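Subject: Structure handover

Hello,

Here is the structure we talked about. My notes on it follow below.

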Amino acid sequence: MVNSTPSSRRQFLKLSGLAGAASMLPACSTIAPSNAKPTGQAKSVIFLVADGLCNGTVGLAHHWNLRNEQTPLHWIQLFERERLHRAYQDTASASSPVTDSAAAASAWGCGQRVNNGAINMDAAGNTLKPILSYAKEAGKATGLVSTCRITHATPAGFATNVPNRGMEDAIARQYLEREVDVLLGGGARHFSQKQEDGSVIDYIPRFKGKGYEVVTNATELNSVNAGRGSPLLGLFAHGHLPYAIDRKHDSAHQDVPGLGDMFRAALTRLDTAKDGFVLQVEGGRVDHAGHANDSAAILHEFLEFDDCIPIALEYIDAHPDTMLVITTDHGTGGCQLNGAGAAYADSGPALDRINQFKYSFEWLHSRLMATGQFDPVAVKMALGIDATPEQAAIVQAAIDAKPQYLSGSFHEAFGKQIKDLTAVGWSSGNHTSECVELFAFGPGSEAVPSFVKNYEMFEMMTRALGIRT
Ligand SMILES: [Zn+2]
């Protein structure tokens with residue numbers, strides 16, 4: 001497996017030499033493909049996005065990694081890398097200082113801010129041509145990789161046009177019609193869609209008819225990794241992929257690929273594209289763990305994303321005509337490690353106590369719903385906490401009366417105890433307005449200003465590629 005171990009982190013240190021909707025559809029297909037050769041200096045673009053990454057989450061993970069792996073995060077090492085161009089990024093949408101992922105990905109994807117919820121469509125209903133359509137017309141290959149449903153807002157923002165991000169069946173159809181060359185993630189349910197009358201609209205045979213290889217687990221993904229160059233559809237979960245922390249500890253998930261596995265497979269495929277490619281890779285569930293205020297899950301999601309950074313750097317070192325962007329679309333949850341104890345002396349040990357959490361709240365949720373019974377063993381396994389009768393009663397009441405409140409009941413029952421244990425606090429279960437870090441390398445990165453508005457990145461990328469005149 002790929003770059004998920006401490007030794008691979010050290011290995012990288014050594015290698016790098018670092019010290020330390022259909023009717024409104026065809027925005028692309030109505031326009032005749034131009035045969036003009038791209039004139040930019042970047043042959044390809046790799047866009048890595050950790051969805052919903054608060055500055056506070058970076059801080060927490062930074063100190064966790066120093067204490068537990070004795071090395072800085074790859075994210076932190078980027079600051080010491082030569083020829084880095086970095087920016088402080090304003091993440092607002094057209095409708096709010098606090099963006100959602102649809103509007104944020106659209107801003108990057110089409111160069112215009114749209115309202116929260118929309119994907120590459122303005123308030124008047126105009127479709128805004130996304131970057132992957134420009135890339136395709138210029139003869140470049142295209143790819144989307146995510147730990148979320150691949151039809152989720154962030155990948156969709158580079159390739160589709162829908163008025164509402166919830167139209168994920170339409171997004172899957174647009175991927176098929178627009179022939180995105182590599183699609184790896186979750187969301188199988190939107191590719192074989194159950195209709196109300198019980199019939200199924202199945203896009204999989206249509207993808208295969210267009211020459212796609214279709215894979216559904218890590219073993220199959222590895223076995224097609226020969227760089228044959230045919231398009232590739234990998235759907236590894238009905239919904240989102242399981243959290244990294246759950247994939248690590250629950251053997252039921254052992255044949256689900258990680259983000260790094262999918263990223264490498266995408267690069268192997270796209271590298272064969274003669275005229276380059278545009279690839280977005282999303283660590284999508286950092287955001288979900290933020291919404292859930294799940295400290296252990298968010299740490300492991302971000303660490304998995306962090307392990308993709310050396311994969312990208314290795315690629316651009318070997319292919320210097322590649323522009324690399326690494327960033328996030330917004331903060332989620334306002335995660336922070338707080339001062340704890342006299343003179344804050346307990347903050348470090350508190351941070352280490354995150355290690356007692358072995359599974360996400362989501363895992364615990366499905367475990368309890370499977371039996372309909374509060375299970376102290378499952379709670380101990382997941383959170384390392386011996387539940388009191390009062391805590392058990394709160395959770396059992398939610399299982400019995402309002403299962404949709406089950407996650408909320410975890411917070412009610414265990415939230416204060418977890419906060420006292422880990423010193424990790426949250427400002428909300430929502431997105432935040434904070435400005436965020438953006439790293440850029442390679443051709444075109446020198447044009448990124450030190451303060452950048454999210455929508456300006458579209459111009460930077462398309463100009464670097466020379467795909468929009
Ligand atoms: Zn979110």
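Helix axes here are lines fitted to C-alpha atoms, for helices over the stretch in contact, and the angles between N-to-C directions run from 0 to 180 degrees. This is a predicted model, in which local features need pLDDT of at least 70 and side-chain atom pairs count only at pLDDT 80 or more, while totals for chains, interfaces and linings use all residues. Residues are numbered from 1 along each chain as its sequence is written, and side-chain values use heavy atoms, with hydrogens and water left out.

Helix packing

Helices (H or I, at least four residues) and strands (E, at least two) are DSSP runs, numbered from the N terminus. Helix H18 (residues 389–401) packs with helix H19 (residues 406–422) at an angle of about 170 degrees, and their axes are 8 Å apart. That makes the two helices roughly antiparallel (under 35 degrees counts as roughly parallel, over 145 as roughly antiparallel, 65 to 115 as roughly perpendicular, and the rest as oblique). Contact means heavy atoms within 4.5 Å. From H18, the residues Gln391, Ile394, Val395, Ala398 and Ile399 meet Leu406, Ser409, Phe410, Glu412, Ala413, Phe414 and Gln417 of H19. By class, this contact has eight nonpolar, three polar and one charged residues. Ala, Val, Leu, Ile, Met, Phe, Trp, Tyr, Cys and Pro count as nonpolar; Asp, Glu, Lys and Arg as charged; the others, Gly among them, as polar.

Aromatic pairs

The whole structure holds 14 aromatic pairs. Rings of Phe, Tyr and Trp (its six-membered ring) pair if their centres lie within 6.5 Å; planes under 30 degrees apart count as stacked, over 60 as edge-to-face and the rest as tilted. The Phe302 and Phe305 rings are stacked, because their planes are at 20 degrees, with the centres 6.4 Å apart. Both residues lie in helix H13 (residues 295–306), three residues apart, about one turn of the helix. Phe302 and Phe305 are both buried (buried means under 20% relative accessible area, exposed over 50%, partly exposed in between; 1.4 Å probe, protein chains only). The rings of Phe361 and Phe410 form a tilted pair, because their planes are at 55 degrees, with centres 6.2 Å apart. Phe361 is in helix H16 (residues 361–371) and Phe410 in helix H19, so this pair ties together parts that are 49 residues apart in sequence. Phe361 is buried at 7% relative accessibility, and Phe410 is buried at 2%. Ring pairs also link Trp75, Phe79, Phe302, Phe305 and Phe439 into a cluster.

Thr154

Thr154 is in helix H6 (residues 153–156) and counts as buried, at 1% relative accessibility. Leaving aside residues up to four places away in sequence, Thr154 touches Val49, Asp51, Ser101, Ala105, Gln280, Glu282 and Asp329. With Glu282 there is a side chain to side chain polar contact at 3.0 Å (a pair of N or O atoms within 3.5 Å; within protein, one must be able to donate a hydrogen and the other to accept it, and residues adjacent in sequence count only if both atoms are side-chain atoms). Thr154 and Ser445 are 291 residues apart in sequence and 22 Å apart in space, C-alpha to C-alpha.

Positive phi

Arg83 is not a glycine but has a positive phi, near 60 degrees. Arg83 lies in the loop between helix H3 (74–77) and strand S2 (85–90) and is exposed, at 68% relative accessibility. Glu179, also not a glycine, has a positive phi of about 55 degrees. The loop between helix H7 (168–178) and strand S4 (182–186) holds Glu179, which is partly exposed at 35% relative accessibility.

Regards
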